[in-house]
Amino acid sequence: KGLFGFKFRGAIAQATDSPASWAQTDSADEDLAASKTDGFKVGEKKTVEEYAKLDQNDESLNRWKASLGITNSPALPVDPKDTRRCVIQSLALEVAGRPDITIDLSVPGALQSLKSKPFSIKEGSKFRMKATFKVQHDVLSGLKYIQVVKRKGIRVSKDEEMLGSYAPNTQEKPIHEKKFAEDEAPSGMIARGHYEAVSRFADDDDNDHLRFEWSFDITKDWK
């Protein structure tokens, strides 16, 4: 699904004649609520050490632990005063044949610039978003990315992408990188214009790890 969900193309015509207001529809919290699966319950939390000690002779379990990043590699040092479980370090727009547009979130004011300096995306182009992040202290369960796009106050898409579960980063793997599903920008005169978006990274316990507003323009050509 990606940035432009299946409802996007049907909603943009309605949005072109509507007054701009982020608060015109549901509140941001309601817009960004994660989907829920009936009957699903978050499993019992375990520390990295507890996971590592689980049946060490079970080959399939060992493969699962390795997929989380639970290895014998030493953990990265963590400031005990920094209680964050997940630190999103950069966001990028990746387009084949073009340099990545990367936002380094460690730079002061980077999040604010996402809203005031919109990305330009050429209509009909294929692209994907990607994020780099660091996990610290304990296993991060069920990281997901949730995003709502509006045009002139009308919600034109809502998308959610499951990113997975991760162990704290180690010296062997100091950073995680996740590429999102490839997407295609809509085309046509009606689709071109300015869009506002709000996004969040959350986990199975619905903890916010990053929430931000940003914007983009669909243009006839690359700028």
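A note on the source: I am reading a predicted model, where local features need pLDDT of at least 70, side-chain atom pairs count only at pLDDT 80 or more, and totals for chains, interfaces and linings use all residues. Residues are numbered from 1 along each chain as its sequence is written, and side-chain values use heavy atoms, with hydrogens and water left out.

Next I looked up the pairing in detail. On the β9 side, Gln147 stands opposite Ser199. β5 also pairs with strand β6 (residues 154-166), again antiparallel, over 10 bridges. There, Ile146 has Glu160 as its bridge partner. Two residues lie between β5 and β6 in this hairpin, and Lys152 in the turn shows a positive phi of about 50°.

How many of the 12 residues of β5 are buried? I noted 11 for this strand, which spans residues 140-151; buried means under 20% relative accessible area, with a 1.4 Å probe and protein chains only.

Last, I turned to Gln136, in the loop between β4 (126-135) and β5. Gln136 is buried too, at a relative accessible area of 3%. Its contacts (heavy atoms within 4.5 Å) include Val78, Arg84 and Pro168, leaving aside residues up to four places away in sequence.

Conventions: Buried means under 20% relative accessible area, exposed over 50%, partly exposed in between (1.4 Å probe, protein chains only). Helices (H or I, at least four residues) and strands (E, at least two) are DSSP runs, numbered from the N terminus. Two strands pair if DSSP finds at least two bridges between them.
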